[in-house]
Amino acid sequence: MSTVTEHAEHEHIGHAEHEPHIPSDMYFIKVALILAGLTALETSTYWIDLGGFATPALIIMMTIKFFMIILIFMHLKFDNKLFSVMFYIGLGLALFVYCVALATFQFFD
Amino acid sequence: MADIALHDHGAHVSSTGLSNNKLAMWLFLGSECLLFGGLISTYMLYRGRHGDGVGPAQLFDVPLTSVSSFVLLMSSLTMVLAVNSAKRKDDRNTNLWLVTTGLLGSLFVGAQVYEFTAFYNEGVGFTTSLFSSSFFTLTGFHGVHVSIGVIMLLAMVAIISRNKVAGDKAEAVEMIGLYWHFVDVVWVVIFTLVYLIPA
């Protein structure tokens with residue numbers, strides 16, 4: 001019995017010791033340069049009139065930046081999936097609240 | 001056998017084999033999404049409610065905000081470099097990148113204080129209109145989060161310098177890093193929805 005428990009404990013700690021693969025500094029610098037480029041593109045829409053295309057373009061660039069930061073800088077891409085689940089539940093609820101609030105005021109305001 | 005074991009480096013792990021601290025941090029960040037989701041929704045609803053007063057189009061200084069956004073974005077890079085240095089057990093570079101991140105964060109907060117002062121001088125205060133109330137609440141909450149992050153970063157530098165980190169040092173730096181990146185990612189959304197997309 002104790003052998004089984006010890007074995008389970010060993011596996012337990014062994015699992016905890018498993019570190020995800022984290023990329024090199026240069027990889028993060030390249031990602032930061034892409035993010036900086038996207039920010040420059042976003043900002044350029046203030047001076048360059050894109051008409052009706054501006055808002056969708058800004059939303060797309062914002063979404064790309066958002067996911068690049070959470071997946072790469074926050075290591076969600078390399079880490080355990082449980083962390084992703086916990087974060088995406090919060091994010092999903094936030095989007096739900098946002099949609100409900102806007103829809104409610106659109107209908108009843 | 002209890003569900004909780006102690007990691008080799010001193011970090012507590014749960015029955016999933018994952019660090020309790022990290023699980024708690026991700027849970028906290030998930031709940032923060034709800035906080036900022038509510039504040040952003042409120043701003044989007046009220047951004048047109050300024051009557052005959054000054055509105056977003058006349059008020060915002062997009063070039064200044066673009067520079068401060070860039071500064072905050074670069075602070076995310078320095079933060080991730082601090083986390084990588086901590087994983088390599090390189091205390092000198094960890095402290096260097098943590099201090100750099102703190103300085104960039106302070107610069108961002110300074111720009112926000114300057115922006116708020118300029119708005120106030122133009123006659124737009126917290127209670128001037130629904131637009132101004134929701135704007136100051138949203139960006140103010142974010143500014144407070146950045147300020148708390150700067151305090152956490154500088155406290156971490158002091159703790160590392162005195163070699164008084166309880167538990168896994170790399171994990172402690174990583175926790176602050178997660179918080180910092182989250183603050184940055186919230187600004188990515190605010191910058192686009194509040195400043196760049198016209199009302």
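Before you click: residues are numbered from 1 along each chain as its sequence is written, and chains are lettered from A and ligands numbered from 1 in the order in which they are written. Because the model is predicted, local features need pLDDT of at least 70 and side-chain atom pairs count only at pLDDT 80 or more, while totals for chains, interfaces and linings use all residues.

**Stop 1: chain A**

Select chain A. It has four helices and zero strands. Helices here are DSSP runs of H or I with at least four residues, strands are runs of E with at least two, and both are numbered from the N terminus. Of the 109 residues of chain A, 20% count as buried. Buried means that 20 or more other C-beta atoms, placed from the backbone, lie within 10 Å of the residue's own.

**Stop 2: chain B**

Now select chain B. Find six helices and two strands. Trace the chain from the N terminus: the order is β-β-α-α-α-α-α-α. Its C-alpha atoms fill a box of roughly 65 × 35 × 25 Å along the principal axes. Of its 199 residues, 42% count as buried.

**Stop 3: where the chains meet**

Show both chains. Here 43 residues of chain B are in contact with 45 residues of chain A. Two residues are in contact if their C-beta atoms, placed from the backbone, lie within 7 Å. On chain B, color α1 (20–46), α3 (62–87) and α6 (169–196); each supplies at least two residues of the side that touches chain A. The largest share, 14 residues, comes from α1(B). That side of chain B divides into 25 nonpolar, 14 polar and four charged residues. Nonpolar covers Ala, Val, Leu, Ile, Met, Phe, Trp, Tyr, Cys and Pro; charged covers Asp, Glu, Lys and Arg; the others, Gly among them, are polar.

**Stop 4**

Show side chains. From α3(A), the contact includes A:Leu58, A:Met62 and A:Phe66. From α6(B), look for B:Val185, B:Val188 and B:Leu196, among others. The residues of this contact divide into 10 nonpolar, two polar and two charged.

Key. Buried ≥ 20, exposed ≤ 12 C-beta atoms within 10 Å, placed from the backbone.
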